[in-house]
Amino acid sequence: MFKKCLENRIVCRSPGFKCYLCDHEIQDKNFIAIKKHIETDKHQQRINGIDKTMRADVSRKLETVSEKQRGIIAKNQITTDVKHNFLYCHICKCSISGISNTLEHIKGSCHARNFSAIENKNQVNMPKNSSTNQFRFDQYDKPSIQCLLCNTFVHNNQIVDTHFGSPLHLERLKFFKHIQDDIELDDADNQQIDLEKMNFKPHKQISKSLLCTLCDVSVSTAADKKDHLKGKKHKNNSLLHLENKIEKISNKISVADYPYFYPCYLCEKSFINAENLLDHYQEKKHKLKLKFFRLVTKNSYITFIQVKSKQAAKCRLCMIFMYDCTSIINHTLGKKHLQREKNSDLSMSSRNSSSDNSQSTNNNKIVTLRTVPVKPSSSKSSNPKQKNNYETSTEELLKLEFSVENLNSAASIESISVDVDDALNDLISLDLTVSQQKKLSRSSRVRKPRTPNAEGKKTISSFNQNAYIWGKSYIKHCINLGVYNIYNVNPDKLRLLKLGTSLIFPWQSEHACLVCGEQFVNQQILFEHLQDAKHIENLQLMKESDKEFQFYDEQFSDLELAKNYMQEESNDLVHCYACENKVKNDDTYIRLHIGESNHINKSQLWRKLSDEIYKNLSVIFEEAWYYAQVFLCDICKIKNDMEIDFVMHLETQKHVQNVTKLLQKGIMTKFGMCPVCITCWYASSDFYTVHCQDQLHKRFAKNGDFMVPNMTITALDLLENVDEQIDFLLNESNKAVLEKYKETELLKAIEETVESIYPNAKAHTFGSRLSHLGFVDSDVDIFLDCNNLYYSRTTKEQSQHYLMSVKKNFETKPNIWIVDEVLLVTRVPILKLRHIPTMLKCDISFINGLSVEKSKLIGFYNTAYSVCRELILYLKRWLTLCRITGSDCITTFAISWYVIFYLQIKGILPSVYELIQLKNESKIVDGWECGFVDNFSANHSDLNFREHLKGFFNYYAEFDYKADVACPYLGKIIKKHTFAYKDELPIEMQIYKYRLQVNYMETFRFDSPMCIQDPIDLSQNITKAVKKHHLRCFRQYCTESAAKC
């Protein structure tokens, strides 16, 4: 019977069974219930959707397994799955090849640990905050939910559902239905939500919903049904079942009565399971609505009111009514509103200060971090080209960057993940004040004439402008060692830190400080305490007191007692925390007690723990550069997201004047850093204490958002089975290589489709498939050369024109092509298609042939040294499982060149410059040299794959990312400062220096945390989008992985 279970994707799961094919729990623990479920129409429809040949192959493999082994497999929640290499473990989320490997996997510690964790979880609990992204649970004696739109409290699911359907709520929800779809998301929005850490409790469903049986998605309205049928997920599933014909599949929507569903009330959609709800949270439309929701609810001046039977948003500060989201954005980020908000805050601050005059001067210092800071109102600027990083135009917000950091306080962090908790932690109630005054809503932006760019000529980016002027200052203040470096640590500070940690001891499952008598629950709070001004003052007093005992060696000062984990309790007694004893307050008795073996052993153990704490904390100070991602000048109330902009500000006349005024008042200033919220600042010397009281900092300290998370279980499993995994990955990649004929057919079909308008069009493959790094399910990247522009550059406008013209041709052949998506406003316009005859997906771009040449070059290296290809395939998988890959992290293209560069450093592979010299035949594409030899040999190496893998991890765990640039073009490291002092660049980079002078070419981003130079387009830093948080993850994971190889 277990054979029948495995064939139908059914496993044992408490209290009965579960069918993963239908996502259905079978409550009765008997085979009769299983048989009934298998016979249902829903299950039969799904099992018949799987290819018969594949099902027969699975059945044949199961025949070779005993019934006992089948039972063991089913009881460990492992099912057959042709998509995942025959067997798939739903507990560990990994594919397994072969029965023997499966049984070994079940015996493994990782699987056993995961299995125990799932079995012990008897029920799924609702998270602390509501998962709807629009509501929060308030902490009352009776649990209640607050609707922030209507300022209403409800106490159970039924009342919640009733409230959602009320006319008032629906009217206010209309403000969130027309957010623009072409807004670019910031980096943090691409971060994944950890399914294992989020539990969802389904809500009771009142009415029936529509179920798409093909996708397992529940929709509640006809409009949602229409949206779903046009979505990617439904189209992908439709293509997999093409034999049933797409027009029939598109109608696979049936009514289903489910007892539970998972709703998103902000978007008015519901889902059949938590996974689908989480997928929805990652969708662009949901995130944009959430961001707009935060903008409205975080602004205390915006309220919702009823105006002539219509809902409107009112600004109580400016007395303006708004009826759509665009008006709200234009107004709240306009100069007029911001200036009034600033004046309002200043008047409030002055009232507060006048009411607090009776307090001591130490308590009167107020540090205000504005929600949306305003550019200083000085009529003259020391640098007219300088742009305040806080000031964001409404046009940018609406069309380019609807980013969370522009809506948060000055201490907000760019890479905050917009997940459920983040959306709810800072939401506030709305005030319902009514006003009759009404004004026209208009933009405060002054229109300026726009000068069109010359054909094919690039504009100079803000980084380029800053790099020309401030690049050397950036190197001096951030990279080079010396007194000018903002990350320098005062040796006295390290000595105080060492002394302070030596007086920390474990106490009642926490840590305690003998200097201040306080206890700490974790190392983050301990770190804050050791830098707190009060702690440092107490420690200094203790040191000064200890100096009075220098001529009395036989007596014990408070500091000497503390070093031995003892403290004076009274005139008669001293308390020993190490031994939990009271000792007579007499120097002779104290000395005798300290010499006892029990005290010595316990003290030595605690000193080792203190040394370990100091080691961990001192690393943060020594590597402060790796922890600084946001830069704040508290003196001028300026925040920057780039180091070079921060350095530029530090040298402006206005900043120097502000600092001089403080020094004249006797207020000392210094640089500081908080690793908890990755912020570096220039402020008064006591700013750290004030900073730790900030609510945003407290939240990060509690949640540990920017600490490096542990490696995932699947990544650890990958490291434990290196040889098996690389064999599997090579086998899968070779399948794609053998399907080259399909790619040829695809290219020919594209050229034939556009032939009527571009008769000379030529399609070229590039990307992972051309580099021998693709898989069967990998997309095919294609450059379509419409007008013989392979060697030149096509402008973005030209690419958009080509894309829209050929799109019509593809749409006229629906039996051959499916147009999935059209990306017009991205940096590189792309047309996403699916070719029905070959079942291949492809992304077509129109820029030039430079991407083709780059992919060819990687392929040449892979051919010359097979281990190079193996390393790249393995590390692609490793990055994915470690969750540090993607467009805003480390891309496949980047890890490919990091592997090649490592092998160049080891002397195995030649540099790109050497390949150009061997060819001795110039080939210029888009102004860059691509004439390299395509047939060369690698130098011999006795190291095998595993040894190379360990060497790779060790090399990049110790790489100096702060000062060094990996340069595969020359096959060696280049210092960052050479890109600021361009004359110091090697002669081999003459083409880069020449183009920099005459073409307004983009400057190499040497200020990025992670730098590896593109070996062909020398102006490009392949990893310029990587943030320091992701870099710290990469370094730590490399260290841990090297230890496991």
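Which residue in S23 is the bridge partner of Gln 567? In this predicted model, the answer is His 575. The two residues belong to neighbouring strands, S22 and S23 (residues 573-576), which run antiparallel and are joined by 3 bridges. Helix H24 (residues 587-594) packs on the sheet they belong to, touching S22, S23 and S24, and its direction makes about 140° with that of S24. The sheet itself is open, with 3 strands in the order S22-S23-S24 and antiparallel pairing. Strand S22 (566-568) and strand S24 (581-584) sit at the edges with a single partner strand each, so one side of each has no neighbour in the sheet. From one strand to the next, the twist averages 30°.

Strand S31 (residues 817-823) pairs with strand S32 (residues 830-835) in the antiparallel sense, over 6 bridges. Here Leu 823 has Ile 830 in S32 as its bridge partner, and a hairpin of 6 residues makes the link from S31 to S32. S32 is in turn joined by 5 bridges to strand S33 (residues 840-845), again running antiparallel.

Asp 843 lies in strand S33 and stands opposite Lys 832. The side chains of these two residues are also joined by a polar contact of 3.2 Å. Is Asp 843 buried or exposed? Its relative accessible area is 13%, which falls under the 20% cut-off, so Asp 843 counts as buried. Apart from neighbours within four places in sequence, Asp 843 is in contact with Ile 830, Leu 831 and Lys 832, and also with Asp 779, Val 780, Asp 781 and Ile 782.

Burial also shows up in helix H15 (residues 325-332), where 7 of the 8 residues are buried, so the helix is largely enclosed by the rest of the structure. The buried residues are Cys 325, Ser 327, Ile 328, Ile 329, Asn 330, His 331 and Thr 332.

Aromatic rings are another theme, with 36 aromatic pairs in the structure. In one of them, the rings of Tyr 474 and Phe 1006 have centres 6.0 Å apart and planes at 50°, so this pair is tilted. Tyr 474 belongs to helix H19 (residues 462-479), whereas Phe 1006 is in the loop between helix H40 (990-998) and helix H41 (1028-1044), so the pair ties together parts 532 residues apart in sequence. Tyr 474 is buried at 0% relative accessibility, and Phe 1006 is buried with a relative accessible area of 1%. Trp 625 and Tyr 626 make an edge-to-face pair, 4.9 Å centre to centre with 85° between the planes. Trp 625 counts as buried at 1% relative accessibility, as does Tyr 626 at 7%.

One aromatic cluster takes in Trp 878, Tyr 898, Tyr 902, Phe 952, Phe 953, Tyr 955, Tyr 956, Phe 959, Tyr 961 and Phe 1034. Rings also meet charges: the charged end of Lys 476 sits over the ring of Tyr 484, 4.9 Å from its centre. Likewise, the charged end of Arg 995 sits over the ring of Trp 928, at 4.5 Å from the ring centre.

How values were computed: Residues numbered from 1 in each chain as written. Predicted model: local features only at pLDDT ≥ 70, side-chain atom pairs only at ≥ 80, totals over all residues. Heavy atoms only, no water. Buried < 20%, exposed > 50% of the residue type's maximum accessible area, 1.4 Å probe, protein only. Helix = DSSP H or I, 4+ residues; strand = E, 2+ residues; numbered from the N terminus. Pairing = 2+ DSSP bridges. Axes fitted to C-alpha atoms, helices over the stretch in contact; angles between N-to-C directions. Contact = heavy atoms within 4.5 Å. Polar contact = N/O pair within 3.5 Å; in protein donor to acceptor, adjacent residues only side chain to side chain. Phe/Tyr/Trp six-rings, centres within 6.5 Å; stacked < 30°, edge-to-face > 60°. Lys NZ or Arg CZ within 6 Å of the ring centre and 35° of its normal.
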